Amino acid sequence: MEQTLATLTTTRPDLRPIPGTVPLTPLAAILPPLLYYLALILLPPFTSQRSQQLISISRSALALTAGFLFFQLPLKYHVPFSVGLTYQLALVGLYGGCRVFDAFFISPYLYGHIPRRVKYHHEPRPEAPGARHNRALSNSYFNLHFLQPRKAAITETATTDEGLPESWKDRASWALELELSMRGAGFTWTSTDVRHTKKTWMPTAWDRAHSILLHVLPLLAICLATIRHIYLSHLYLDIRHSRPFDDLPFPQQLLLTAALGGFLMTAFSLGHSMFAIVLAPLKPHPLSYFPPLYTSRIWDVTSVRSFWSYGWHRLFSRLFLVYGVWPGEWLERRLTGKSPDQPADVGKVLGGFVSSALVHSFAAYTVVGGQLMDALGEAEFFAGCGIAVVVEEAVKRMAFTYRRRSRQGSEEEEMPSLAVVGRLWWISVMLYNGRHFARGWVKAGLVREMAGL
């Protein structure tokens, strides 16, 4: 026990937290989400007008305190025994603080919106012979996670509650569900981050366990073994230092980048499935509802935009929507004179990626000793992805315009040649541009920790 405690309180030799930060304490970790939860209980309006003012003041005080403590987490604390957990602490702090201000100030006061529950209904769906191979069903949860369904296919529909919770018991449940739903699943707070077909399956705990044991864990092991081999063979210097990422031969840079991306994708899938298994006994309670994490198979992705829209988890989508996409659209309309009903796609795309760049770069900033220049790898990666999306959309429009003018087809028709080029394009962009991300993770010591050192 004493040895375990010593390990948890001893700072890793290669961890470079922001100067002046101290080891994270249990109270500092628990207090922000607890205050956020208490404030959420008070968020739906009360019927009694007599106590409304007092409740409003109490709710705002709790929310402001929770938001402040969330933002303070990465600036005041670090996790001494882990570079990765210190990095995640920064993500939690930023995400939590931004979520609090969205829920209590931006959404209610600017848009008059308080999230309402969405209830999902599942009805058996007849499955035609050979339907498992039908393209219409190819994006089901089971195809995405390599699962073998043991129950009948179902059709999913959703209805929105007309009112908000009133009793204290219902408020407590509503607040817990909303706080734990990162993507807003089960609420009208979702954005385009939760996309899944109505024709889907009802996965069981066994289905998810099967996926973990036969697919996720082997892929995770391959990625970690690749990362460890490359690090030990080419980057390791001593207990505190590594060689620069750019010392790697170019093929090794691409391989390490691919292994890191594969690790992240399978690790998110593992966590998603494990939480779903643990909470499965709560059915039909909303906390047991876990819609697909990835909504398109990786081999069906044909562009950088579709990768980020359908092939990645988008757990931070609400944050990027509120603090990136909406401001980006507003700025484009201000600069170009567009009306509110006109699309502002360039501002939308760049705003989303800029906000993502800021969030991830700040997380890197907390594990490179507060050295800004060492934390720019993530920013360069997301900025490059944003530019790539703008470029590919412009090329698509030119290609469709040419086909329409030459009477070779309509914009809606799929062009097989473009699909092939699109696959080569997005993979090349993600691997080449992803080197910025990998470079930053090598500097931060994250790759060393993933290599088991």
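The dialogue below treats ring pairs, then charges over rings, then a helix pair.

Reply: This is a predicted model, in which local features need pLDDT of at least 70, side-chain atom pairs count only at pLDDT 80 or more, and totals for chains, interfaces and linings use all residues. Residues are numbered from 1 along each chain as its sequence is written, and side-chain values use heavy atoms, with hydrogens and water left out.

Me: How many aromatic pairs does a search of the whole structure find?

Reply: Rings of Phe, Tyr and Trp (its six-membered ring) pair if their centres lie within 6.5 Å; planes under 30 degrees apart count as stacked, over 60 as edge-to-face and the rest as tilted. The search finds 25 aromatic pairs. The centres of Phe105 and Tyr109 are 6.4 Å apart and their planes lie at 20°, so this pair is stacked. Ring pairs also link residues into a cluster, among them Tyr87, Phe268 and Trp441.

Me: Over which ring does the charged end of Arg171 sit?

Reply: A charge sits over a ring if NZ of Lys or CZ of Arg is within 6 Å of the ring centre and within 35 degrees of the ring normal. Arg171 has its charged end over the ring of Phe46, 3.6 Å from the centre. For Arg435, the ring is that of Tyr432, at 4.6 Å from its centre.

Me: At what angle do helix H3 and H4 pack?

Reply: Two packed helices are described by the angle between their axes and the distance between the axes. Helices (H or I, at least four residues) are DSSP runs, numbered from the N terminus. Axes are lines fitted to C-alpha atoms over the stretch in contact, and angles run from 0 to 180 degrees between N-to-C directions. Helix H3 (residues 52-76) packs with H4 at about 155°, the axes being 7 Å apart.

Notes
Helices (H or I, at least four residues) and strands (E, at least two) are DSSP runs, numbered from the N terminus.
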